[in-house]
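Hi everyone, thanks for having me. Have a look at the structure first.

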Amino acid sequence: MKKLLCLLMITVILLCGCNTRVKPQIDISEKYYYLTSHVDYGRGSTATLLHRFNVENGSMTPLCPDPLCEHSEEAGCPFAGALNYTVDGDTIWFNRVLYNRDGERVTVICRYDIADGKLRVLQEYKDDGYTYVFKFGYLWKYFTHENPTDKDISVRISLEEENFDDPEEIDPGKIPFAQVGDVYYYGAFGTYHSPATEVYAMYTDLTDEWLVADDMFSMNFTYYDGFLYYIQEGTLMRVSVDEEITGIPVNTKETVKKAIAAYFFYDNSLFYLQSEGDDAEVIGWDEFLEEEVKNTYGGKIWRANPDGSKAKVFTETDGYVISKSMLSNAQVGNRLVVRYGCWKEKQRDGQTFRAWRSTEGGLLVVDLNDGSYRAYQVFDE
Ligand SMILES: [Zn+2]
């Protein structure tokens, strides 16, 4: 008995010792999806608010932790009007456009640490026509020109270092779409390479001028496992790139899949939405836009090998008309978050019309291991 007591005590001491040394860690990146949405929490006011959506139980809560806050700009909610954001672990950076104390329109860059609830305003920029986007661990500040050959020096600021006082100047003044080693890929509209309004790709390592990628007409790039993927006129193409040396294409382009609307990679597989074209089922008539509404992707998510072979339907979302928005960036751990559409009433000149909203029905959470899904109606009626 004494021995047993002794053992028990030692065990208790050991357990306590462990508890004081090891801080409990919650991996929230596997559990939450962040999104901006218009939700009315106050007296009829609506603001674009940052929310987090729990993919395990479907609950959606404003990121603002104040239970008494109306979450509107008028009420001074520090999370209202969030435009663009990026998440790394339990830190979220976002920007808001608002009027400061002097009545000037400004963009503020904020950082919120969810674990300790600390919100900081990192920088305030006067509204000078620049756009601010978070990507690849940086804040990119750039100017949009109609003619891509009108170049502008822009800046990028490392989110890790938060060096707002000494930003790194970059050329060209654009935001990249993909990163391959030290090389960034961009897409641009213009007449530089081909006929008017053509889209073309270019790349740069930011130490030299940017170069046009031959025969790549796209604004949509993804780098995965040695290949640069891009959608050109609805077809998903890929080219292998030399990540170690230059990041530039090293072989001929190959077709992966035709009529692709959105895609992403998970667990060495390509997941995608395929446009059904003229075969798409008509689901009704949008009175507001006066046009037919079609189930464009047939409520199907496909899965294939990264080269497009062995394609088959992975999930069929019966009754839910899925939208292509969010498919390429809405992976949370082993789950995928997809928006679906619904019918809503819309007003014009005092009249009410039945209109299709392609993303406002709610969110589907798809299990990427077995294809099962759950639907959550999280938006306002
Ligand atoms: Zn609030």
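Okay, so Asp 90 counts as partly exposed because it has 16 C-beta neighbours inside 10 Å. Here, buried is 20 or more other C-beta atoms within 10 Å of a residue's own, exposed is 12 or fewer, and partly exposed is in between, with C-beta atoms placed from the backbone.

Before going on, two housekeeping points. Numbering starts from 1 along each chain, following the sequence as written. And this is a predicted model, where local features need pLDDT of at least 70, side-chain atom pairs count only at pLDDT 80 or more, and totals for chains, interfaces and linings use all residues.

Back to Asp 90. Where does Asp 90 sit? In the loop between strand E4 (82-88) and strand E5 (91-99). Strands are DSSP runs of at least two residues (E), helices are runs of at least four (H or I), and they're numbered from the N terminus. Tyr 32 is 58 residues away from Asp 90 along the chain, and their C-alpha atoms are separated by 10.0 Å.

Of its 381 residues, 27% are buried.

Four strands make an open sheet, ordered E8-E9-E10-E11, with antiparallel pairing; to pair, two strands need at least two DSSP bridges between them. At the edges are strand E8 (130-135) and strand E11 (168-170), each pairing on one side only.

Finally, E8 and strand E9 (residues 138-143) run antiparallel and are joined by six bridges. In one of them, Lys 135 has Tyr 138 in E9 as its bridge partner.
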